[in-house]
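Me: I'm new to this structure and would like to go through it with you. Could you have a look?

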Amino acid sequence: MEVPRPAPLPSRGAGRAGRAMSAAADAAPGGPEAPDPAGSPWVSAVGPAPGPGSSALCWAALLACFSLACAYVGSLYVWNSHLPRDHPAVIKRRFTSVLIVSGLSPLFLWLWKELTGIKPGISLLALLGFRLEGIVPATLLPLLLTMVLFLGPLIQLSMDCPWGWLDGLKVMFDPRFWALCMSDMRWLRNQVIAPLTEELVFRACMLPMLIPCTGLGPAIFTCPLFFGVAHFHHVIEQLRFRQGSVASIFLSAAFQFSYTAVFGAYTAFIFIRTGHLIGPVLCHSFCNYIGFPAICAALEHPQRLTVVLFYVLGMVLFLLLLHPMTDPAFFGDIPVCSLSATSSSFSVCS
């Protein structure tokens, strides 16, 4: 192989001329030569685009997220029905409308990219969390981490369940059990449709629009606000069917907003750390199945000390394992991390 020869050193005159040309270029209205945009995710489409973190970019992101949230919630009420939300006919109709809106939701992200001129050089599917790299750990680790958090409720359920472990495993692997679940409209809504569509709309589509404006860290806490407010629509039906006093209904809505906002921040963290949609969907489905921890029942349990101990142990282990079990090294290159324009927030992706 031929060894390249070193270039000759410039003379003093050439050095002074080069420095003068460089200074002239810096002083020119256009400034020094811009770096090649090929190595940067910020590639303008046509003409100048709003810079990262600019007010125009932030308003565009907030407007797009608000429109997407309104479209999702509005799709639940396009049907004129006097039946409660848990009626199978209502659930089937809402399946249709919410699946249509969720299927069209990536168009909001695509349109936002076109209007803002942000071209990250990554496919739309990858930004949405649909990719094969690291799919196995992205499927298992977030779900196991969530189960660790709910260690107390899981132990509490196992103590109160009349079945043994072997009986539970037999039921789990029985095809008739899953056929029964798939025929239950409420089960399909809570365990399949709601987790899939809500994570797609409120995490996979919104986070890539918010991150260039806020950065990675603030986006984790901004995105769940849309998710929490979207759950206020339950107040309409509860007031309509008089499912409690006005004060109790709004108190329940405030609690649900707080709970869903915290949960939304957790799944947003999972989405950013893994770059996959499958993890947040499975965690969402699991939490819908378990529900909010029955803390009062735990304090009144016959084996209260044991149950409370597992509640505390689960929270401690969760905090210790949160970063190691979501280490981006398990999942390859994280697409949404390239959208952040601020270096201080890259700790979320490392």
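Me: Which residues does Phe-202 touch, not counting those up to four places away in sequence?

Reply: In this predicted model, where local features need pLDDT of at least 70, side-chain atom pairs count only at pLDDT 80 or more, and totals for chains, interfaces and linings use all residues, Phe-202 touches Ala-69, Tyr-72, Cys-223, Phe-226, Phe-227 and Ala-230, contact meaning heavy atoms within 4.5 Å. Residues are numbered from 1 along each chain as its sequence is written, and side-chain values use heavy atoms, with hydrogens and water left out.

Me: And which residues touch the most other members of the largest nonpolar core?

Reply: Phe-202 is one of them, together with Met-206, Leu-207, Ile-211 and Ile-272, in a core of 65 residues. Such a core is a set of buried Ala, Val, Leu, Ile, Met, Phe, Trp, Tyr and Cys residues joined through side-chain atoms within 4.5 Å, where buried means under 20% relative accessible area with a 1.4 Å probe, protein chains only.

Me: Okay, helices now: at what angle do α2 and α10 pack?

Reply: Helix α2 (residues 55–74) and helix α10 (residues 185–205) pack at about 165 degrees, their axes 10 Å apart, the axes being lines fitted to C-alpha atoms over the stretch in contact and the angles running from 0 to 180 degrees between N-to-C directions. That makes the two helices roughly antiparallel, a term for angles over 145 degrees.

Me: Which residues make that contact?

Reply: From α2 come Leu-68, Ala-69 and Tyr-72, and from α10 come Ala-194, Thr-197, Glu-198, Val-201, Phe-202 and Cys-205.

Me: How many helices and strands does the chain have?

Reply: The chain has 17 helices and zero strands, counted as DSSP runs numbered from the N terminus, with helices (H or I) of at least four residues and strands (E) of at least two.

Conventions
Angles under 35 degrees count as roughly parallel, over 145 as roughly antiparallel, 65 to 115 as roughly perpendicular and the rest as oblique. Buried means under 20% relative accessible area, exposed over 50%, partly exposed in between (1.4 Å probe, protein chains only).
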